[in-house]
Amino acid sequence: MTTRNRCPLAASLVLSALGIALLAPGLVAEDEPISAVAGTVVRWVAADTESCSADDRSWLPHGDTCYFPIDLDRSGELAIHRRRNGAQESATVKLGDYPYRVQHLRVSDDGQVNLSEANLTRAGEERAQIDALWDRDTGRQFEIPLAHPIKDPRPGTSFGSKRVFNGQPRSPHSGEDYKASTGTTVLAAAAGEVVLAEEHFFGGNSVFIDHGDGLISMYMHLSRIDVEAGEKVEGGKAIGRVGSTGRVTGPHLHFGLRWRGARIDPAVLMLPAD
């Protein structure tokens, strides 16, 4: 018979070297929530962990660790669970807004802000094609931390920014912008399969890689694409070059991560840049 245990958790979250919210040992009642911000990842570690679950979805742990990605727009509370030693343990994470900033951007081509009917249709079709990737369920091919997508990385602080293009509010920025000149080599952050490699209205030349376990990385605004859909790549493989295609204000790399559908800050899954 399955029993439902009180969870061994700390009274507060602490940050690991990767910036991931860590549930450390301690004793907290199952109905006493702990706090995390949207756009991050909660890490829950215990020996003999057999499975992890949340939102009616379950997956295998990484060793003894359960990772719970929290979407950028998630609010309220999230019930998380793990199974170990034949029993289910549960906890509640109270989600708070991250103090993201507002970015005011000027795009020279107003047609990329006020879309024509044809471009609206195109952008919608491309969004549906991309959204279909979030439900992929393949075997894990990556380890944490991930590698940065360019050498000598200079990531910005744009993840989650509330963006205003030409005076008009748009969706929050769901990736990180890496400062780099046109032609800089772009690298796969981990091993995986290229699942999309084509030109899009907003993202310009874009590459999407499935790393398994629901983790998808994306690389946008490339000047050129050097891989094709269906290709298997190793971590660190050159997949394209930095450019300024799509809706941009200048050359840079947009690097994003979706983990089990959640938009998360790429910085929490990789070591800080030197």
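The model is predicted: local features need pLDDT of at least 70, side-chain atom pairs count only at pLDDT 80 or more, and totals for chains, interfaces and linings use all residues. Residues are numbered from 1 along each chain as its sequence is written, and side-chain values use heavy atoms, with hydrogens and water left out.

**Overall make-up**

- The chain's secondary structure comes to one helix and 22 strands; helices (H or I, at least four residues) and strands (E, at least two) are DSSP runs, numbered from the N terminus.
- Of the 274 residues, 52% count as buried, which is to say under 20% relative accessible area, with exposed meaning over 50% and partly exposed in between (1.4 Å probe, protein chains only).

**Strand pairing**

- Strands count as paired if DSSP finds at least two bridges between them.
- Strand S5 (residues 41–45) is mostly covered, with four of its five residues buried.
- S5 runs antiparallel to S8, and five bridges join them; valine 41 has proline 69 in S8 as its bridge partner.

**The disulfide**

- There is one disulfide, defined as a pair of cysteine sulfur atoms within 2.5 Å.
- Cysteine 52 and cysteine 66 form the disulfide, with their sulfur atoms 2.1 Å apart.
- The torsion about the S-S bond of cysteine 52 and cysteine 66 is about -85°, so the disulfide is left-handed.
- This pair links distant parts of the chain: cysteine 52 sits in strand S6 (residues 49–54) and cysteine 66 in strand S8 (residues 65–69), 14 residues apart.
- Cysteine 52 and cysteine 66 are both buried.

**Aromatic pairs**

- Seven aromatic pairs are present in the structure; rings of Phe, Tyr and Trp (its six-membered ring) pair if their centres lie within 6.5 Å, and planes under 30 degrees apart count as stacked, over 60 as edge-to-face and the rest as tilted.
- One of them joins tyrosine 178 and phenylalanine 255: their ring centres are 6.1 Å apart and their planes at 80°, so the pair is edge-to-face.
- Tyrosine 178 lies in strand S14 (residues 176–178) and phenylalanine 255 in strand S21 (residues 253–259), so the pair ties together parts that are 77 residues apart in sequence.
- Both tyrosine 178 and phenylalanine 255 are buried.
- Phenylalanine 201 and phenylalanine 202 form another edge-to-face pair, 5.0 Å centre to centre with 80° between the planes.
- Phenylalanine 201 is buried at a relative accessible area of 10%, whereas phenylalanine 202 is partly exposed at 33%.
- Trp44, Trp59 and Phe68 are linked into a cluster by ring pairs.

**Arginine 260**

- The charged end of arginine 260 sits over the ring of tryptophan 59, 3.9 Å from its centre; this requires NZ of Lys or CZ of Arg within 6 Å of the ring centre and within 35 degrees of the ring normal.
- Arginine 260 lies in the loop between S21 and S22 and counts as buried, at 12% relative accessibility.

**Backbone points to check by eye**

- Most residues other than glycine have a negative phi, and most peptide bonds are trans.
- Arginine 260 has a positive phi of about 50° although it is not a glycine.
- Asparagine 85 takes a positive phi near 55° in the hairpin of S9 and S10, which has two residues between the strands.
- Asparagine 85 is exposed, with a relative accessible area of 55%.
- Isoleucine 144 and proline 145 are joined by a cis peptide bond, with omega about 10°.
- Proline 145 lies in the loop between helix H1 (117–131) and strand S12 (162–165).

**Aspartate 265**

- Aspartate 265 is found in the segment after strand S22 (262–264) and counts as buried, at 17% relative accessibility.
- Not counting residues up to four places away in sequence, aspartate 265 touches Gly39 and Phe159.

Conventions:
Contact means heavy atoms within 4.5 Å.
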